[in-house]
Amino acid sequence: MDELVGIILAAGEGVRMKSRVPKVLHRLCGKELLKYPVELFRNVGVHRIVVVVSRSNQNAVKGLLGDSVEYAVQSGKTGTAGAVESAASILRGNSQNVLVIGGDSPLVSEDSLKNLIGAHIKDARQMSILSGMIHGSSGLGRIRRDQNPQQSVLGIVEAIDDSDRSDESLEVNSGAYCFQSDWLWNNLNRVEPGNESERYLTSLAAIAAEQGVGVAALTSSEPAEVLGVNNRVELANLEDIKRQRIREHWMLEGVTITDPASVMIDTDVTIGQDTVVLPNTMLIGNTSIGSNCEIGPGSTLMDSTVGNECRVTSSVIENAIMEDGVDIGPFSHLRHGAYLENNVHIGNYVEVKETRFAAGAVMGHFGYIGDAAIGARVNVGAGTVTCNYDGKEKHRTVVEEDVFVGCDTMLVAPVTIGANATTGAGAVVTKDVPSARLAVGVPAKIIQR
Ligand code: UD1
Ligand code: CA
């Protein structure tokens with residue numbers, strides 16, 4: 001029997017998002033909302049996770065999480081209590097305690113959840129609730145406490161059922177709970193339908209209080225973590241909070257960010273020490289950046305890997321890899337499959353796609369290199385273009401090491417330029433050039449040097 005299993009509620013309709021995309025698949029700082037509680041549960045050591053889905057969103061959710069979790073399908077509008085109930089057939093009798101969280105609560109921290117679990121087990125409670133103090137009215141459920149010295153929890157009142165509209169500080173429910181398993185499975189059927197016939201999981205707090213069994217709310221020291229996403233205003237608000245946290249994390253890890261408010265860093269990005277991130281820069285998706293780099297101003301890096309001592313100035317880097325000591329920009333574009341080995345220099349107005357530049361290769365000025373291999377120490381002159389597409393198919397260009405490609409060379413693929421060869425300015429190269437020869441003219445003729 002597991003000590004702890006987890007249930008993530010993701011079967012709600014999410015109508016307030018006004019979206020064709022299920023709410024839990026909307027992204028926060030580059031990652032789908034639902035992945036946050038899955039990773040949170042894994043990080044606190046939960047092995048078995050059941051995600052409660054609906055008939056309409058099950059395919060999308062399974063597409064996102066695959067076999068990494070188990071699934072229960074909730075049918076009908078039976079509310080959060082009904083959602084938990086639909087996981088009973090999978091989990092009942094299999095664990096001592098059950099964690100429950102909404103799929104729309106991405107800010108709950110590992111520390112808070114660990115504290116909740118620790119106190120729940122230590123005090124042998126039936127129900128423990130993670131709560132937080134927030135200011136002003138909100139749609140979150142409100143914790144009701146007794147006036148006795150222990151301030152015992154009496155129940156949770158949902159915002160729509162609460163007449164108190166005051167602006168004072170409220171203790172609200174994060175939607176993250178730890179339950180003693182047998183108590184949960186034996187009491188869920190006591191939850192009566194509330195508003196619009198939905199059965200509230202939160203009614204269990206009052207049921208526990210009336211039975212005189214242990215129910216407690218643990219108040220988080222970080223109020224923002226109790227917030228959830230119900231509409232796109234809340235999504236943007238949480239994104240703002242999370243982005244600020246991410247930037248502070250990297251600054252405390254030794255990254256300089258000169259104008260934090262203008263920098264976006266997604267949640268799975270990593271950045272090495274003494275790297276400087278200049279204004280108006282976006283680091284997106286699975287991007288990793290080494291140490292001692294200068295990124296920005298005005299650069300976007302998406303799903304890319306950058307080594308140490310690199311510079312990316314006002315450029316866009318997508319699905320590309322840069323080894324160490326590489327510099328690029330301003331105004332250049334690496335697309336999918338661009339791979340720049342050590343000390344490659346790319347200047348301005350260069351587009352590179354599906355091409356490996358070997359160590360020390362240089363392309364200082366405008367041009368397009370696609371579906372190619374550029375050898376070590378090659379100098380690619382201004383205006384060089386790989387004519388890789390004949391209208392039907394893409395073809396490869398190979399430029400071997402130490403070649404000098406003259407300005408405005410058209411490399412009509414498929415074509416190979418042998419090591420140490422040279423092309424003259426304006427050459428249109430339609431046939432392979434042997435090593436150490438010179439190719440000039442239109443179409444290019446091969447000349448012995
Ligand atoms: C819920 C809590 C509220 C708490 C807030 C925290 C209830 C009744 N209220 O309110 O006290 O402050 O979360 O964010 O639980 N879901 C299902 N099946 C359903 C209904 C909902 O799986 O039938 C899922 C949703 O997909 C969502 C989560 O449960 O991920 C919470 O549902 P939601 O409707 O967003 O509840 P809140 O109104 O936010
Ligand atoms: Ca919610």
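**Exercise 1.** Find out how the radius of gyration of the protein chain relates to that of a compact globule of 449 residues.

*Solution.* Start with the reference: a compact globule of 449 residues would come out near 22 Å. Next, take the value for this predicted model: the protein chain has 29 Å. Then turn to the box filled by the C-alpha atoms, which is roughly 100 × 40 × 40 Å along the principal axes.

**Exercise 2.** Describe how the protein chain is divided into domains and what secondary structure the chain holds.

*Solution.* Domain 1 covers 2–226, and domain 2 covers 232–447. Their C-alpha centres are 46 Å apart. For the protein chain, the secondary structure amounts to 40 strands and 8 helices.

**Exercise 3.** Work out how much area domain 1 and domain 2 bury between them, and on which atoms.

*Solution.* First, list who takes part: 16 residues of domain 1 are in contact with 12 residues of domain 2. The size of an interface is often expressed as the accessible area lost when the parts come together. Here the two domains bury about 1,200 Å² between them, with 62% of it on carbon and sulfur atoms.

**Exercise 4.** Identify the salt bridge and count the polar contacts across the interface of domain 1 and domain 2.

*Solution.* The rule finds 1 salt bridge across this interface. Lys 31 pairs with Asp 268 in a salt bridge, and their closest N and O atoms are 3.1 Å apart, inside the 4 Å cut-off. On the side of domain 1 that touches domain 2, the residues are 8 nonpolar, 5 charged and 3 polar.

Note on methods:
Residues numbered from 1 in each chain as written. Chains lettered and ligands numbered in written order. Predicted model: local features only at pLDDT ≥ 70, side-chain atom pairs only at ≥ 80, totals over all residues. Heavy atoms only, no water. Domains from an automatic or database assignment. Contact = heavy atoms within 4.5 Å. Buried area = accessible area lost by both parts, 1.4 Å probe. Salt bridge = Lys/Arg side-chain N within 4 Å of Asp/Glu carboxyl O. Polar contact = N/O pair within 3.5 Å; in protein donor to acceptor, adjacent residues only side chain to side chain. Nonpolar A, V, L, I, M, F, W, Y, C, P; charged D, E, K, R; others polar. Helix = DSSP H or I, 4+ residues; strand = E, 2+ residues; numbered from the N terminus. Rg over C-alpha atoms; globule rule 2.2 N^0.38 Å.
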